[in-house]
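Please keep the structure in view while reading.

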Amino acid sequence: MHLDLRSKLAVFFSTVFLASVLSKDTVFFLLTVILFIYVSILGYSKSTVKIMLAIAIISVMRLISNRSGFGIMLPDMFLFIVIRTLAIVLSVIPIIKISPGELMAVMKKMKVHRNIALPLIFMMRFFPVVRSEFSEIIDSLKLRGLISFRKPFVTMEYLFVPMMFSSSKIAEELAAASEVRGISANGEHTSRREIKFRKFDSAVVLLTILFTVGLYFMEGVMMR
């Protein structure tokens, strides 16, 4: 199911607000369930399994420690911040999955300045490619038996040195490919993707506002 970027941003900003103000676990878990349903409806349920599992594990750890953490290495404040961050990551998944072409068209539609739009587009193209390259380097080191926890600094050298050279090459290739396609050319840019705020987008924004207000007031009632 397709959703406009502006609707996704509304959900993201709502999640950031709620993650920063909610302190009751019951209300926060309700927020994560709503986000999971939202992401699943958009067809990204597979991407959320690890995040939901991490949230469950951290919640159990906080419950076992009775919100006192596990010493200096894992204080409760750190676990609190991590679990809130994971909830925000849930709302970011639909934004990350958007194609660069559609992102460019939306930026043009919203009249975002090119000095802001172009870095965002390059970033969304750059990180997925680098992640894939990083995975290939790790697999190559495993096959050669060069990953060893006994020599962490040597392992880091074998890992990050080729990654730095590869990232530099990838950045140059992406920039050249984008320039050839006319990403920075003057004049009006067209897109084959129809950028339109549909009824479904309006419903999502309305539900986002209602859930935000509802969860905020639920938090206030439980605090009394």
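## Surface and basis of the model

The protein chain has an accessible surface of about 14,700 Å², and carbon and sulfur atoms account for 68% of that surface; accessible areas come from the Shrake-Rupley method with a 1.4 Å probe, and for residues only the protein chains shown count as cover. The model is predicted, with local features needing pLDDT of at least 70 and side-chain atom pairs counting only at pLDDT 80 or more, while totals for chains, interfaces and linings use all residues. Residues are numbered from 1 along each chain as its sequence is written, and side-chain values use heavy atoms, with hydrogens and water left out.

Of the 224 residues of the protein chain, 31% count as buried, where buried means under 20% relative accessible area, exposed means over 50%, and partly exposed lies in between (1.4 Å probe, protein chains only).

## Overall fold

The secondary structure of the protein chain consists of eight helices and zero strands, giving the pattern α-α-α-α-α-α-α-α along the sequence. Helices (H or I, at least four residues) and strands (E, at least two) are DSSP runs, numbered from the N terminus.

Among contacts between residues at least 6 apart in sequence, 78% join residues at least 24 apart, a contact being defined by heavy atoms within 4.5 Å.

## Packing of H2 and H3

Helix H2 (residues 25–41) and helix H3 (residues 45–64) have axes that come within 10 Å and cross at roughly 170°, which makes H2 roughly antiparallel to H3. Axes are lines fitted to C-alpha atoms, for helices over the stretch in contact, with angles running from 0 to 180 degrees between N-to-C directions; angles over 145 degrees count as roughly antiparallel, under 35 as roughly parallel, 65 to 115 as roughly perpendicular and the rest as oblique.

On the H2 side, Asp25, Phe29, Thr32, Phe36, Val39 and Ser40 meet Ser45, Thr48, Met52, Ile55, Ser59 and Arg62 in H3. The residues of this contact divide into five nonpolar, five polar and two charged (Ala, Val, Leu, Ile, Met, Phe, Trp, Tyr, Cys and Pro count as nonpolar, Asp, Glu, Lys and Arg as charged, and the others, Gly among them, as polar).

## Aromatic pairs

A search of the whole structure finds four aromatic pairs, where rings of Phe, Tyr and Trp (its six-membered ring) pair if their centres lie within 6.5 Å, and planes under 30 degrees apart count as stacked, over 60 as edge-to-face and the rest as tilted. The rings of Phe17 and Tyr216 have centres 5.8 Å apart and planes at 35°, so this pair is tilted. The pair links distant parts of the chain, with Phe17 in helix H1 (residues 5–21) and Tyr216 in helix H8 (residues 199–223), 199 residues apart.

Phe17 is partly exposed at 37% relative accessible area, and Tyr216 is partly exposed at 42%. Phe28 and Phe29 form a tilted pair, with 6.2 Å from centre to centre and 55° between the planes; Phe28 is buried at 0%, whereas Phe29 is partly exposed at 33%. Phe17, Tyr216 and Phe217 form one aromatic cluster.

Thr32 lies in helix H2 and is buried, with a relative accessible area of 3%. Leaving aside neighbours within four places in sequence, Thr32 is in contact with Met52, Ile55, Ala87 and Leu90. Thr32 and Ile88 are 56 residues apart in sequence and 9.3 Å apart in space, C-alpha to C-alpha.

Ile98 is placed in the loop between helix H4 (76–96) and helix H5 (100–109), and counts as buried at 5% relative accessibility. Ile98 and Leu3 are 95 residues apart in sequence, with 9.7 Å between their C-alpha atoms in space.
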